[in-house]
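Hello,

Here is the structure I promised to pass on to you. Have a look at it first, and then read my notes below.

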Amino acid sequence: MGKMLSYSGLVTKIRAMKSNLLTDDQYRELAEISSVPLAVAYLKQRPAYSQIWASLDENDLHRGQIEKLLINAVYNDFTRLYRFANMEQRKFLDLYFKRYEVAILKNCLNKVFDHRDVELDLSMFHAFFGRHSSLNINLLASSSSIEDFINNLKGTEYYQPLNHLREIESPTLFDYETALDVFNFRNIWTLKDKLFHDEDLKGLTNAYGHKFDLLNLQWIRRSREFYQATPADIYALLLPVHYKLKKEEITALVEAENNTVFEDVLSRTYYGKHYPQLSADTLEDMYISIMKRVLTRSAKSHPFSAATIYQYLFFKDHEIRRLTVALECIRYSVPPEETVAHIFKF
């Protein structure tokens, strides 16, 4: 009863916010719009964007500003939930927030590896990160080299995993981004058992267990196909998680002698059996749809738990990804039916 009472208000708020997520019909309407300014004007009429974009003139916005405004819409929803949450619920939100820090760090890394004298303007995000993060994003955005970037992370939890890459020869952007992801995900899997109990722990274990299994599958496939990585290198990338994927199945996938064997092993895993369309080629495309199903079931089974918060934030992140795709298609005059196909691919 206590858990139900502590979550009832937040669950009601999430239900109201969820009702403002775009519907499939609204995405189809968006795909029919002929220009980006008109598309932004359309979004300004939707409840989720009307207030925070009300003062903006859509005709004056350029591509980079629109992308940042979309990201800020996610931050705005996160902040609304954070203000409404109690101390126990904020434990999950603090953990989830790390994904936003990692995203900012990746933006800075991309600027460093771009090797152009360009300024990374993160000023739109200062207020949000000032409330929730100890990162100095001004300092990080001004980093001119990977050495500067890593040194500017001293005193943060991200310094050690990236500084460790200095020990290998010529690490790439992929190496640094992967190191951030692996550090963050391992941290989540370890901390969840310390921070959460009962329904919270059950719901989050189910959600993150599926997520990390699917990420391991993607990383194995990507490492084999695009990087011809050795088994030892692949194992070093993987998360130490065996939720629905058995340890021996991971070994068989990593060490499969060819793609035919890989597909055969994949088809006999939990994911291959429950999702018949899953294959090496569809792993990344199906990730979102599988996670939406998993999170919906988890939130339904554990309605008064952090799983409900996770489901909403995941769906909101997904909406922003779809909107980014839709606006790019509109920008380049992609026919509406093709735009819809691109949107619903995710």
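Glu-58 and Lys-44 are both buried, where buried means under 20% relative accessible area, exposed means over 50%, and partly exposed is in between (1.4 Å probe, protein chains only). This is a predicted model, in which local features need pLDDT of at least 70 and side-chain atom pairs count only at pLDDT 80 or more, while totals for chains, interfaces and linings use all residues. Residues are numbered from 1 along each chain as its sequence is written, and side-chain values use heavy atoms, with hydrogens and water left out.

The side chains of Glu-58 and Lys-44 form a salt bridge, at 2.9 Å from N to O. A salt bridge here is a side-chain nitrogen of Lys or Arg within 4 Å of a carboxyl oxygen of Asp or Glu. By that rule, the count is 20 salt bridges. Glu-58 sits in the loop between α4 (47–53) and α5 (63–84), and Lys-44 in helix α3 (residues 36–44), 14 residues apart. Helices are DSSP runs (H or I, at least four residues), numbered from the N terminus.

Arg-63 and Glu-328 also meet in a salt bridge (2.7 Å, N to O). Arg-63 is in helix α5 and Glu-328 in helix α18 (residues 306–331), so this pair ties together parts 265 residues apart in sequence. Arg-63 is partly exposed, with a relative accessible area of 36%. A network of salt bridges links Arg-63, Glu-67, Glu-328 and Arg-331.

Now for the core. Which residues touch the most other members of the largest nonpolar core? They are Tyr-100, Phe-149 and Tyr-310, in a core of 112 residues. Such a core is a set of buried Ala, Val, Leu, Ile, Met, Phe, Trp, Tyr and Cys residues joined through side-chain atoms within 4.5 Å.

Last, a pocket. The second largest pocket holds about 590 Å³ of space, a volume being the space filled by probe spheres set on grid points that are joined across faces, edges and corners. On a 1 Å grid over the protein atoms alone, a pocket is an open set of points where a 1.4 Å probe fits, with protein on both sides within 12 Å along at least five of seven lines; lining residues have an atom within 4 Å of a point. This pocket has 18 lining residues, and Leu-165, Asp-175, Thr-178, Ala-236 and Leu-237 lie nearest its centre. Helix α11 gives the most to the lining, with 7 residues.

Best wishes

How values were computed. Helix = DSSP H or I, 4+ residues; strand = E, 2+ residues; numbered from the N terminus.
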